[in-house]
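These are my notebook entries on a single chain. I set down what I looked up, in the order in which I looked.

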Amino acid sequence: MNACTLVAIATFVAASALRAQKAPDVTPYLTVDRAAEVALARTAAPADVSGKATVLVLTPKGYVEATRGTNGFTCIVMRSFAAAPDDPEFWNPRIRAPQCFNPPASRTVLPAMLAEIDWALTGATPAEMKARIRKAYAEKRFPMPAAGAMAYMLSPKQHLSDADPHWMPHLMFYYNRALKATTFGAGGMTAPIIDATAGDPNGPMQVIYIPVRTWSDGTPAVHAAPGN
């Protein structure tokens, strides 16, 4: 074995060790009771939608399918590391964000989100994640949102941030920003129609929030929908 080979092996081992050191401890984000996580995920949408949906749950190795649905929807309790890589609460273990993706979003939006989560859980830095995301879209390894892609976030049990845990129930709509399909929506989180990606105008995807008046169980929202 020559010196160059030894150097290459040493470099690989050192890099692997560094990646292992950077990988976060997933334990604080896990739910001991899988059935409880499934039930929480289903609170994201009305029961006639979520009751027939596929449900994913978080494990030490990432998200796995806990229940197979029949209507093409996918419900999942997102954690803080599903947010933008530079979000100040990216590693907040208290975040619980139930979402139910409709069939177009389950096919085209959720897979990219799960890939980004895997990168985070294996120790990628915010800069690395941003670069990988843009490259994946540019190389078309991440598909653009299909027409009609949307998700419910109507859970009365959500904890979206420590400052405003329940915020308000809302629907999320996903668009390919290059198509300029949406010319409505404002930055900030108090507008009647919210461009959640206004802070990243050059990003490949645009996400629009539409606040609504009631939670998934039909109870009134604590905060009335803005502008109403």
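Entry 1: Of the 228 residues, 43% count as buried; buried means under 20% relative accessible area, exposed over 50%, and partly exposed in between (1.4 Å probe, protein chains only).

**Entry 2: basis and confidence.** I note that this is a predicted model, in which local features need pLDDT of at least 70, side-chain atom pairs count only at pLDDT 80 or more, and totals for chains, interfaces and linings use all residues. Residues are numbered from 1 along each chain as its sequence is written, and side-chain values use heavy atoms, with hydrogens and water left out. The mean pLDDT (the predictor's confidence in each residue, from 0 to 100) is 87 for the chain, and 84% of its residues reach 70 or more. Over residues 1-21 pLDDT stays under 50, and the model has four contacts beyond four places in sequence for that stretch. Contact means heavy atoms within 4.5 Å.

**Entry 3: fold.** I count six helices and eight strands; these are DSSP runs, helices being H or I of at least four residues and strands E of at least two, numbered from the N terminus. Along the sequence the pattern is α-α-α-β-β-β-β-α-α-α-β-β-β-β. Among contacts between residues at least 6 apart in sequence, 59% join residues at least 24 apart.

Entry 4: In what order do the eight strands form the open sheet? The order is 2-1-3-4-5-6-8-7, with mixed pairing; two strands pair if DSSP finds at least two bridges between them. Strand 2 (62-67) and strand 7 (194-195) stand at the edges with a single partner strand each, so one side of each is left without a neighbour in the sheet. Helix 5 (residues 110-121) packs on the sheet and touches strand 1 (54-59), strand 2, strand 3 (74-78) and strand 4. The direction of helix 5 makes about 30° with that of strand 3; axes are lines fitted to C-alpha atoms, for helices over the stretch in contact, and angles run from 0 to 180 degrees between N-to-C directions.

**Entry 5: strand 5.** Strand 4 (residues 97-101) and strand 5 (residues 150-153) run antiparallel and are joined by two bridges. C100 has Y152 as its bridge partner, and F101 has A151. On the other pairing, four bridges join strand 5 to strand 6, again antiparallel, and Y152 is partnered there by L171. M150 and Y152 point one way from strand 5, A151 and M153 the other way, and all are buried. In a regular strand the side chains alternate between the two faces of the sheet.

**Entry 6: H170.** This residue lies in strand 6 (residues 170-176). Is H170 buried or exposed? H170 is buried, at 1% relative accessible area. Its contacts, not counting residues up to four places away, include A151, Y152, Y209 and V212. A polar atom of the H170 side chain lies 3.0 Å from the backbone oxygen of M168.

**Entry 7: T108.** I place T108 in helix 4 (residues 103-108), buried at 11% relative accessibility. Its side chain reaches the backbone oxygen of P104 at 2.7 Å, and a polar atom of that side chain lies 3.0 Å from the backbone nitrogen of A146. Beyond four places in sequence, T108 is in contact with P143, M144, P145, A146 and A149.

Methods. A polar contact is a pair of N or O atoms within 3.5 Å; within protein, one must be able to donate a hydrogen and the other to accept it, and residues adjacent in sequence count only if both atoms are side-chain atoms.
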